Amino acid sequence: MTKSDWLEVCGKGLADRGTTNFSALEVCDVGRRSGGAVLSAPPVELLENAYKLINVLEWLRAEDGTASVLVNSWYRDSEYNAAIGGVANSMHKTCAAADVVKVGRTPSEVADMLESHPYAGLFGIGRYKTFTHIDVRGYVVLDRPSPARWGSNG
Ligand SMILES: [Zn+2]
């Protein structure tokens, strides 16, 4: 799928859901390069996973004062994921994971906010020094136990 096809397909999906705070290029920055890999668009059926994650990101955005949630990395295809050193079974490959920061909040505070979500028991939350990993592994049909927690912000 070309970048313009992705913008059309994902853009329409987001618009149909009334999503205005997250864009198709945040879900997948088609064509982004790293280590010789070029990021491809995800299979369209994975968009359902992205929409489930968006519900959580919208909640995070609105929590404790509405401040933007910025996405560092969301979908990764296998080749791109390997090129950047992602784990082989990364949730990013399912479109159900994103590495985020929230304006005005530390990664530790963001992780704590996510822990307070009513469905946190279905989440994977990774604490990193400069960002927070969030995935909705328990919402999607995957052979993945939830919750999952790893890392520290220190
Ligand atoms: Zn991640």
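A residue counts as buried when its relative accessible area is under 20%, and because His-92 has a relative accessibility of 2%, this histidine belongs to the buried class. The model discussed here is a predicted one.

**The zinc site**

His-92 is also one of the residues that coordinate the zinc ion: His-92 contributes NE2, Asp-99 an OD atom and His-133 its ND1 atom, with distances of 2.0 to 2.1 Å. Along the sequence these donor residues follow the spacing H-x6-D-x33-H. Asp-99, with a relative accessibility of 7%, is likewise under the 20% limit and therefore counts as buried.

**Helix H3 and its two partners**

Two packed helices are described by the angle between their axes and the distance between the axes.

| Helix pair | Axes come within | Crossing angle | Handedness |
|---|---|---|---|
| H1 (residues 3-16) and H3 (residues 47-62) | 11 Å | roughly 45° | right-handed |
| H3 and H5 | 11 Å | roughly 115° | right-handed |

How are H1 and H3 oriented to each other? Their axes cross at roughly 45°, and the two helices are therefore oblique to each other. On the H1 side the contact is made by Trp-6, Val-9, Cys-10, Gly-13 and Leu-14, which meet Leu-47, Tyr-51 and Ile-54 of H3. Sorted by class, this contact between H1 and H3 holds 7 nonpolar residues and 1 polar residue, with no charged residues.

Towards H5, helix H3 presents Val-56, Trp-59 and Leu-60, and these meet Val-110, Met-113 and Leu-114 of H5. By class, the contact of H3 with H5 comprises 6 nonpolar residues, with no polar and no charged ones.

The loop between helix H5 (107-115) and strand E5 (124-127) contains His-117. Once neighbours within four places in sequence are set aside, His-117 is in contact with Val-56, Trp-59, Phe-123 and Tyr-139. Among these partners, Val-56 and Trp-59 are also H3 residues that meet H5. His-117 and Trp-59 lie 58 residues apart in sequence, while their C-alpha atoms are 8.4 Å apart in space.

Notes. Residues numbered from 1 in each chain as written. Predicted model: local features only at pLDDT ≥ 70, side-chain atom pairs only at ≥ 80, totals over all residues. Heavy atoms only, no water. Donors = N, O, S within 2.8 Å, 3.2 Å for Na, K, Ca; no water. Buried < 20%, exposed > 50% of the residue type's maximum accessible area, 1.4 Å probe, protein only. Axes fitted to C-alpha atoms, helices over the stretch in contact; angles between N-to-C directions. Helix = DSSP H or I, 4+ residues; strand = E, 2+ residues; numbered from the N terminus. Parallel < 35°, antiparallel > 145°, perpendicular 65-115°, else oblique. Left-handed = near helix turned anticlockwise from the far one by under 90°. Contact = heavy atoms within 4.5 Å. Nonpolar A, V, L, I, M, F, W, Y, C, P; charged D, E, K, R; others polar.
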